[in-house]
Amino acid sequence: MISFVNVTKRYPDGFEALKNVAFTIHSGELVLVAGHSGAGKSTMLKLIAAIERPTYGNILVSDQNVNALKKSMIPFLRRSLGLIFQDQKILYDRNVFANVMLPLQIRGFQNKTAAGRVRAALDKVGLLRKENAYPITLSGGEKQRLCIARAVVHRPSILIADEPTANLDVDYAQSIMEVFRSFHQVGVTVVIATHDTALLNDNRYRILTLNQGKLVV
Amino acid sequence: MKIWLSQHWQALNRALKQLTNTPLSSLLSIIVIGIAFSLPLGIYTMLGNLQAISSDTASTPQLSVFLKLKASQADIENVNSQLEEFPYIASFQFISKEIALQQLQQESNLNEVANNLPKNPLPDAFIINLQQILPDELENIRAVIKKWPEIEHVQVDTDWARRVDALLRLGQLAVLMLAVVLGLALIIVVFNTIRLQVLTKRDEIEVIKLIGATDSFIRRPFLYFGAIQGMAGAAAGWLLIALGIQAINESLVELAQLYETDFHLNYLSFYDSLSLLIFSALLGWLGARLSVAQYLSQIEPE
């Protein structure tokens, strides 16, 4: 469960990215966050992962108050999440397998157990054949799949994706969405920020729309 | 516990990998540390060797007691019996003026002089070997014996050794100061190496912070790297000194044969070597810790 209680985020330069936003996403939901660039989508996702801290208000993630978290506890909050970043944040100095291995490495997994999980995650996104490839050789869609594999390899209960289908052609975007849907079907809470109109016209999902930092009801 | 161990094992592996990934710069840093360490290490080893000789001599002092020239046989016996009851004396030996003159005549280059003397100018003497005592007590004994009416002069034969010993202690202080300064240099070298590493690994650190790596996880490989670098540097310094001692010993063998003594330099003891390695590893660790603390906090994901 993710809950925003009257959250305002003002950046040091005075820009208010979110203004008094309140909503609740229940566990197991798939929610799309819509709005044009600069509407506050990314800020919202960063607040969930404690990458940014709110100026006012409270944020609850899986019954933890994110504001009250000590700095030393933030890593453990992030471990309960699967994050897919707008700028991907892939490490280009290592192959696909090693990139997906990272979340398990920081948890101190034994290499054998970890390798099985990495292959399972790669299989799920259809990248198993490319495990030894270097990210530079991957297409845009494949890179996005790599990011998804890295976000789910540790089996988080919440998956958060920032513009996962941006810059992908329609077919690719749809297959990426299929992957998210499959996680949603096994009970993972999925939050996707997007301005992809094709996606937003699909009325199967709840949509939170942001406009200039305010939630449009 | 198993997870904790495997995390440390992985951190160690990553540190070693980092070391072998940049062999040239790693090697250069290690050599720099090694050379810096070899200076105090070398002086320390030399001092240790000299001290082994001088403290041996200085701690078993020897006195020469010269009687007045007009001393009679009764005076000699008097001194003899007083010495027998005197504390701290391990052994003593009487050398009469005749024997002293004979010894002087036997010294080849003084032969002529001694033979031409009109009368024996030498006094009767006692050579006293004392037990191991403190320098202050030695001075007391000297003063007491000097006050006896039959005595002309008391000389501490091992004064030179005491002076050398005192000088060596001064040398040790200098080594300590040098070691402190070069230990600081080690910290700085490691600090800088780690700073560069942190900066080149900026992306990786940012990503693993985002996916939930704890600070101690991020720090660990850098700390291992620093400790390994410090230890390897000290080992290089040790090797330099060991090679130096070996080379000196080879030429000392010839010199010692000429003087018919068995003199050679000792290597650094096992205990000293071990503490050197542990100490330098700690210093390297400290340098890495300071560096990481400084630069890791600057890398915050956006």
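Student: How many salt bridges does the structure hold over all chains?

Tutor: The model is a predicted one. A salt bridge is counted where a side-chain nitrogen of Lys or Arg lies within 4 Å of a carboxyl oxygen of Asp or Glu. Over all chains, the number of salt bridges is 11.

Student: How many salt bridges cross the interface of chain A and chain B?

Tutor: The interface brings 22 residues of chain A into contact with 20 residues of chain B. Between these chains, six residue pairs are in polar contact, both residues being at pLDDT 80 or more. Across the interface of chain A and chain B, the number of salt bridges found is two.

Student: Which element gives the most residues to the side of chain A that touches chain B?

Tutor: On that side of chain A, the elements that give two or more residues are helix H2 (74–79) and helix H3 (96–105) of chain A. The largest contribution, four residues, comes from H2(A).

Student: What area is buried between chain A and chain B?

Tutor: Carbon and sulfur atoms give 60% of this area. Of the part that chain A buries against chain B, A:Arg78, A:Lys89 and A:Ile106 supply 29%, more than any other three residues. The area buried between chain A and chain B is about 1,800 Å².

Student: Why does the pair of A:Arg94 and B:Glu204 join two chains?

Tutor: The side chains of A:Arg94 and B:Glu204 meet in a salt bridge with an N to O distance of 2.9 Å. A:Arg94 lies in the loop between strand E6 (81–84) and H3 of chain A, whereas B:Glu204 lies in helix H8 (residues 202–210) of chain B, so the pair joins two chains.

Student: Is A:Arg94 buried or exposed?

Tutor: The side chain of A:Arg94 also meets that of A:Asp93 in a salt bridge of 2.9 Å, N to O. A:Asp93 is exposed, with a relative accessible area of 53%. For A:Arg94 the relative accessible area is 16%, and because buried means under 20%, A:Arg94 is buried.

Student: Is A:Lys130 buried or partly exposed?

Tutor: A:Lys130 and A:Glu142 meet through their side chains in a salt bridge of 3.5 Å, N to O. This pair links distant parts of the chain, 12 residues apart: A:Glu142 is in helix H5 (residues 140–152) of chain A, and A:Lys130 is in the loop between helix H4 (111–125) and H5 of chain A. At 16% relative accessibility A:Glu142 counts as buried. With a relative accessible area of 24%, A:Lys130 is partly exposed.

Student: Why does the end-to-end distance of helix H1 of chain B agree with expectation?

Tutor: Helix H1 of chain B comprises 20 residues, residues 2–21. At 1.5 Å a residue, this helix should span 28 Å, and its end C-alpha atoms lie apart by 28 Å.

Student: Which residues does B:Pro40 touch, not counting residues up to four places away in sequence?

Tutor: B:Pro40 is placed in helix H2 (residues 23–59) of chain B. At 7% relative accessibility, B:Pro40 counts as buried. With those sequence neighbours left out, the residues that B:Pro40 touches are B:Val175, B:Leu178, B:Ala179 and B:Leu182.

Student: How far apart are the end C-alpha atoms of residues 173–194 of chain B?

Tutor: The unreviewed UniProt entry annotates "transmembrane region" over several spans of chain B, including residues 173–194. This span is 100% helix and 0% strand. The end C-alpha atoms of residues 173–194 are separated by 32 Å.

Definitions and conventions: Residues numbered from 1 in each chain as written. Chains lettered and ligands numbered in written order. Predicted model: local features only at pLDDT ≥ 70, side-chain atom pairs only at ≥ 80, totals over all residues. Heavy atoms only, no water. Buried < 20%, exposed > 50% of the residue type's maximum accessible area, 1.4 Å probe, protein only. Contact = heavy atoms within 4.5 Å. UniProt positions renumbered as here; feature names shortened; annotations may be inferred. Expected span 1.5 Å × (residues − 1). Buried area = accessible area lost by both parts, 1.4 Å probe. Polar contact = N/O pair within 3.5 Å; in protein donor to acceptor, adjacent residues only side chain to side chain.
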